[in-house]
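This report examines the fold and the side-chain interactions of one protein chain. The sequence and the model are shown first, and the discussion follows.

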Amino acid sequence: QDYYSGISCGGNSLIRTAMLNDAVETGTLMVKKMPKSDLSSPEQDGKTVVAWASENGLTNSPIVAVLNDRI
């Protein structure tokens with residue numbers, strides 16, 4: 001949990017990277033294990049994961065569905 005904000009892949013957080021690569025199991029696991037407050041907090045670019053997903057056409061991702069259920 002405390003390592004999430006310190007790791008990125010190509011400038012994206014791990015959950016964003018999972019969405020971009022259709023890594024549903026990995027992304028879902030991260031969403032389920034992270035504190036709810038972290039999931040709804042803005043990331044380094046000032047956007048929440050949900051807002052970023054919406055801007056990038058990823059609202060149909062199963063990861064976003066799990067994310068919405070948690071927050």
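This is a predicted model: local features need pLDDT of at least 70, side-chain atom pairs count only at pLDDT 80 or more; totals for chains, interfaces and linings use all residues.

Leaving aside residues up to four places away in sequence, Thr28 touches Ile63 and Val66. The C-alpha atom of Thr28 is separated by 19 Å from that of Pro42, a residue 14 places apart from Thr28 along the chain.

## The two faces of helix H2

Thr28 belongs to a set of buried residues in H2 that also includes Gly27, Met30 and Val31. Viewed down the axis of H2, these buried residues fall within an arc of 160 degrees, so they line one face of the helix. An α-helix has 3.6 residues a turn, so residues three or four places apart point the same way.

The buried residues of H2 pack against H1, H3 and H5. The face turned away from this buried side carries exposed residues, namely Glu25, Leu29, Lys32 and Lys33.

## The nonpolar core

The largest nonpolar core comprises 15 residues, and those with the most contacts inside it are Ile15, Met19, Val31, Leu39, Ala53 and Ile63. Two or more residues of this core come from each of helix H1 (14-20), helix H2 (24-33), helix H4 (49-55) and helix H5 (62-70). H5 gives the most, with four residues.

Ile63 has contacts with Ile15, Ala18, Met19, Ala23, Val24, Gly27, Thr28 and Val31, residues up to four places away in sequence not being counted.

## Salt bridges

Where do charged side chains pair in this model? A search of the whole structure finds three salt bridges. Side chains of opposite charge can pair when their charged atoms come close. Arg16, Glu43 and Asp45 are linked in a network of such bridges. Arg16 forms a salt bridge with Glu43, with 3.1 Å between the closest N and O atoms. Because Arg16 lies in helix H1 and Glu43 in the loop between helix H3 (36-39) and H4, the pair ties together parts that are 27 residues apart in sequence. Arg16 also meets Asp45 in a salt bridge, at 2.8 Å from N to O.

Asp45, at 41% relative accessibility, counts as partly exposed. A further salt bridge joins Lys47 and Glu55, whose closest N and O atoms are 2.8 Å apart. In this pair, Lys47 counts as partly exposed at 30% relative accessibility, whereas Glu55 is exposed at 53%.

## Backbone at Asp22

Most residues other than glycine have a negative phi. In contrast, phi of Asp22 is positive, near 55 degrees. Asp22 is placed in the loop between H1 and H2. The relative accessibility of Asp22 is 65%, over the 50% limit, so this residue counts as exposed.

## Overall architecture

The protein has five helices and zero strands, and its elements run α-α-α-α-α from the N terminus on. Its radius of gyration is 11 Å, close to the 11 Å that the globule rule gives for 71 residues, so the protein is as compact as a globular protein of that length. Taken along the principal axes, the C-alpha atoms fill a box of roughly 25 × 20 × 20 Å.

Buried residues account for 35% of the 71 residues. Of the contacts between residues at least 6 apart in sequence, 62% join residues at least 24 apart. The protein exposes about 4300 Å², of which carbon and sulfur atoms supply 49%.

Definitions and conventions: Residues are numbered from 1 along each chain as its sequence is written. Side-chain values use heavy atoms; hydrogens and water are left out. A nonpolar core is a set of buried Ala, Val, Leu, Ile, Met, Phe, Trp, Tyr and Cys residues joined through side-chain atoms within 4.5 Å. Buried means under 20% relative accessible area, exposed over 50%, partly exposed in between (1.4 Å probe, protein chains only). Contact means heavy atoms within 4.5 Å. A salt bridge is a side-chain nitrogen of Lys or Arg within 4 Å of a carboxyl oxygen of Asp or Glu. The arc is that of the directions from the helix axis to the C-beta atoms. The radius of gyration is taken over C-alpha atoms; the globule rule is 2.2 Å times the number of residues to the power 0.38. Accessible areas come from the Shrake-Rupley method with a 1.4 Å probe; for residues, only the protein chains shown count as cover.
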